[in-house]
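Hi,

Here is the structure I promised to send over.

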Amino acid sequence: MPAFPKPQLMLTKTRTTDRNAGFPGARHIRSSRNDRPYHYMVHSPHFAYEEYAVHLGQYDRLSFYADAGTPPVRVHMYDCRVNSPEYDRKLEVEVPADGSCVLGIPPGYAHWFENLGSVTTRNDYSVLAPQDPSSSWNPLEDNATHSVDRMRSARPEVIANTVELPVSAQFLVAKAVSRSWRGGATEQGVLAAATIGDRHVRYFIDRALPQPEVPRSGLATVRADVGSYQAIRDDSFGIGANVTSGLADTMILPAAAEWPAYFSVHPNLTVRLSPLLYESPETELHLVDRRTDSPTFGAEEILPFPSDPRLVLKIEPGVMMRARGNGTLHYRVEFEVHHALSGLPKLFLPVAEDGPLPRFGPPGEVLDDDVVRELAYR
């Protein structure tokens, strides 16, 4: 009999930024090697799941983030794989809400969560295809639900997928989801459809969805916009990727009230910043445009960090930035790497606040997604 994967807990890796940075002491929590697609689920304070979910082809790897002191998330799981020697077995586990652990849930395991109010979930998932090529399984509609009461009395019987798709195909599926969420989508209302390969795919898009207020920047190299998200019941959101590489870092910054003594600048990176919790502390960014080809070269401004997780702040190469605030900020960094016109791309430089201000020329074109992922593995 073949081996059947079981749920597992894995420790994450953490790296802390130096003091000579515009975001000093920020903790970078690596929940994967960025070789899998991801999305976040941002839960409002009163959010509560009422159903078990079971996927046939999605291998979930979940990490949880919340303010300090938040109780752990309790996860209930049933093995629903009818051909598994542990079919019908129930597992329960508590996972800390500090990002320190990743819970892997294989396809075919029904799962339900408690204590998710004000908690954000990151899912670094894999996509597996069925062994039988004639299966009608659709990767964009792989989410069967069963009520908690029903699951207590009887479990469904499923055949889980076992063939992991190539990485490029997995990111293609994730990109299709993010595109369908671009600018805001809802769980209800079929307003568009498309054919991908030989499959007809429905898109749940609602352009009349109430939008958050978008802050305005006076710098030509900085722009805020509504990102890729799906509105979930109870004022919560699924947050998708806004870059074609689908890469993102999870960051936690203990923001101090005083400006740090250094700026951070990325000569060959375009970064996109967005908050990760439903309620974020007030945080400000000090931005200085040092791109020589920018019409606002030399200008500076203080801009509020977005407080709504649906918003994304795009900062182009050559902009110095630093942050201050009154609490712990959980945020996401998405990035694109640009060619350097000479030598290797420079990803980060510290600039002292009382030192000479550097000048940066225009960056080259954005590197291919596969190259960016290779850089992200390092």
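A quick word on naming before we start: helices (H or I, at least four residues) and strands (E, at least two) are DSSP runs, numbered from the N terminus. This is a predicted model, so local features need pLDDT of at least 70, side-chain atom pairs count only at pLDDT 80 or more, and totals for chains, interfaces and linings use all residues. Residues are numbered from 1 along each chain as its sequence is written, and side-chain values use heavy atoms, with hydrogens and water left out.

Let's begin with Asp-124, which sits in strand β11 (residues 120-124). Asp-124 has a relative accessible area of 0%, so it counts as buried (under 20% relative accessible area; exposed is over 50% and partly exposed is in between, with a 1.4 Å probe and protein chains only). Its side chain makes a polar contact of 2.7 Å with that of Ser-31 and another of 3.4 Å with that of Ser-32. By polar contact I mean a pair of N or O atoms within 3.5 Å; within protein, one must be able to donate a hydrogen and the other to accept it, and residues adjacent in sequence count only if both atoms are side-chain atoms. Leaving aside residues up to four places away in sequence, Asp-124 also touches Arg-36, Pro-37 and Tyr-59, among others (contact means heavy atoms within 4.5 Å).

Next, the sheet. Seven strands make an open sheet in the order β2-β3-β21-β28-β23-β26-β18, with antiparallel pairing (two strands pair if DSSP finds at least two bridges between them). At the edges are β2 (13-16) and β18 (222-226), each pairing on one side only.

Within that sheet, β21 is worth a look: six of its seven residues are buried, so the strand is largely enclosed by the rest of the structure. On one hand, β3 (residues 27-30) is joined to β21 by three bridges, with Ile-29 opposite Thr-250. On the other, β21 pairs with β28 over seven bridges, again antiparallel, and there Asp-249 stands opposite Val-333. β28 (residues 328-337) is also joined to β23 (residues 269-275) by seven bridges, where Ser-274 has Arg-332 as its bridge partner.

Thr-250 is buried because its relative accessibility is 1%. Its side chain has a polar contact of 2.5 Å with the side chain of Tyr-40 and one of 3.3 Å with that of Arg-122.

Now the nonpolar cores, meaning sets of buried Ala, Val, Leu, Ile, Met, Phe, Trp, Tyr and Cys residues joined through side-chain atoms within 4.5 Å. The largest has 41 residues, and Phe-23, Leu-273, Leu-287, Ile-315 and Tyr-331 have the most contacts inside it. β28 gives the most to this core, with five residues. A second, separate core of 19 residues includes Val-93, Cys-101, Leu-103 and Leu-116.

Finally, helix α2 (residues 167-181): 15 residues, reaching 21 Å from first C-alpha to last, close to the 21 Å expected (1.5 Å times one less than its number of residues). Its buried residues include Phe-171, Val-173 and Trp-181. Just after α2, Gly-183 takes a positive phi of about 75°.

Cheers
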